[in-house]
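Subject: Handover of a protein model

Dear colleague,

Please find below the structure for your records. My findings are set out after it, and I would be grateful if you would read them alongside the coordinates.

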Amino acid sequence: MFRVKFLAYIMRLLIIIFILIVSLFAVSGFAFLWFVPNIIIGQTNGKSMNPTIRDGDRTVYNMFATPKSGDIIAFDCFSKYEESGELVPLVKRIIKINEQGCYWVEGDNKTNSKDSRDYGWLCPRDINLPQVAVFIIRF
């Protein structure tokens, strides 16, 4: 009996710690470097990835994972998506990777996304450090 109560107490304590950690991430700002140097947390703005990632969701990204087909990536894009030629932060899903290592990316919300269907393949020279989504924090 004591062991069951003790395990229930430990479980509640772990849940409280988890909620506190998630709350810390929720109030932390746009892009917050975590304690692990290759993890970054970003807030998504826009509807191009609905329903997978909603406007305002925070997503944990691995900066050094190798992107593969099916992965959701966040990246800065040079000039293809913005006439000013400035870097534009984007979140899209990789549909295909060709032999030259270029990405065909699309938003999950096909009716509300500017992506490779509009601009073609994204090659490494077009983007800055793709980061692979690890998981999504939704409140």
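The notes below begin with the conventions and then go through the findings by topic.

This is a predicted model, in which local features need pLDDT of at least 70 and side-chain atom pairs count only at pLDDT 80 or more, while totals for chains, interfaces and linings use all residues. Residues are numbered from 1 along each chain as its sequence is written, and side-chain values use heavy atoms, with hydrogens and water left out.

Overall architecture

The protein chain contains two helices and seven strands; helices (H or I, at least four residues) and strands (E, at least two) are DSSP runs, numbered from the N terminus. Their order along the sequence is α-β-β-β-β-β-β-α-β. Of the 139 residues of the chain, 37% count as buried. Here buried means under 20% relative accessible area, exposed means over 50%, and partly exposed is in between, with a 1.4 Å probe and protein chains only. The accessible surface of the chain comes to about 8900 Å², and carbon and sulfur atoms contribute 63% of it; these areas come from the Shrake-Rupley method with a 1.4 Å probe, and for residues only the protein chains shown count as cover. Among contacts with a separation of 6 or more, 51% are between residues 24 or more positions apart, where contact means heavy atoms within 4.5 Å.

Strands S2 and S3

Strand S2 (residues 39-43) is mostly covered, with four of its five residues buried. S2 pairs with strand S3 (residues 58-62) in the antiparallel sense over five bridges; two strands pair if DSSP finds at least two bridges between them. Within this pairing, Ile-41 stands opposite Val-60 and Gly-42 stands opposite Thr-59. Five of the five residues of S3 are buried, so this strand is largely enclosed by the rest of the structure. Arg-58, Val-60 and Asn-62 point one way from S3, whereas Thr-59 and Tyr-61 point the other way. The loop between S2 and S3 holds Pro-51, and the peptide bond from Asn-50 to Pro-51 is cis, with omega near 0°. As background, most peptide bonds are trans.

The disulfide

The structure holds one disulfide, defined as a pair of cysteine sulfur atoms within 2.5 Å. It joins Cys-102 to Cys-123, with an S to S distance of 2.0 Å. The torsion about the S-S bond of Cys-102 and Cys-123 is about 100°, so the disulfide is right-handed. Cys-102 lies in the loop between strand S5 (87-97) and strand S6 (103-106), and Cys-123 in the loop between helix H2 (116-119) and strand S7 (127-137), so the pair ties together parts that are 21 residues apart in sequence. Both Cys-102 and Cys-123 are buried.

The aromatic pair

Rings of Phe, Tyr and Trp (its six-membered ring) pair if their centres lie within 6.5 Å; planes under 30 degrees apart count as stacked, over 60 as edge-to-face and the rest as tilted. The count by this rule is one aromatic pair. Trp-104 and Trp-121 form this edge-to-face pair, at 5.4 Å centre to centre and 65° between the planes. Trp-104 lies in strand S6 and Trp-121 in the loop between H2 and S7, so the pair ties together parts that are 17 residues apart in sequence. Trp-104 counts as buried at 19% relative accessibility, whereas Trp-121 counts as partly exposed at 30%.

Individual residues

Glu-106 lies in strand S6 and is buried, with a relative accessible area of 11%. The side chain of Glu-106 makes a polar contact with the side chain of Lys-110 at 2.7 Å. A polar contact is a pair of N or O atoms within 3.5 Å; within protein, one must be able to donate a hydrogen and the other to accept it, and residues adjacent in sequence count only if both atoms are side-chain atoms. Not counting residues up to four places away in sequence, Glu-106 touches Met-49, Lys-92, Arg-93, Ile-95, Asp-115 and Arg-117.

Cys-77 is found in strand S4 and is buried, with a relative accessible area of 0%. Cys-77 and Leu-90 are 13 residues apart in sequence and 7.1 Å apart in space, C-alpha to C-alpha.

Lys-68, in the loop between S3 and strand S4 (72-78), counts as exposed at 52% relative accessibility. Leaving aside neighbours within four places in sequence, Lys-68 is in contact with Ile-94 and Ile-97.

Yours sincerely
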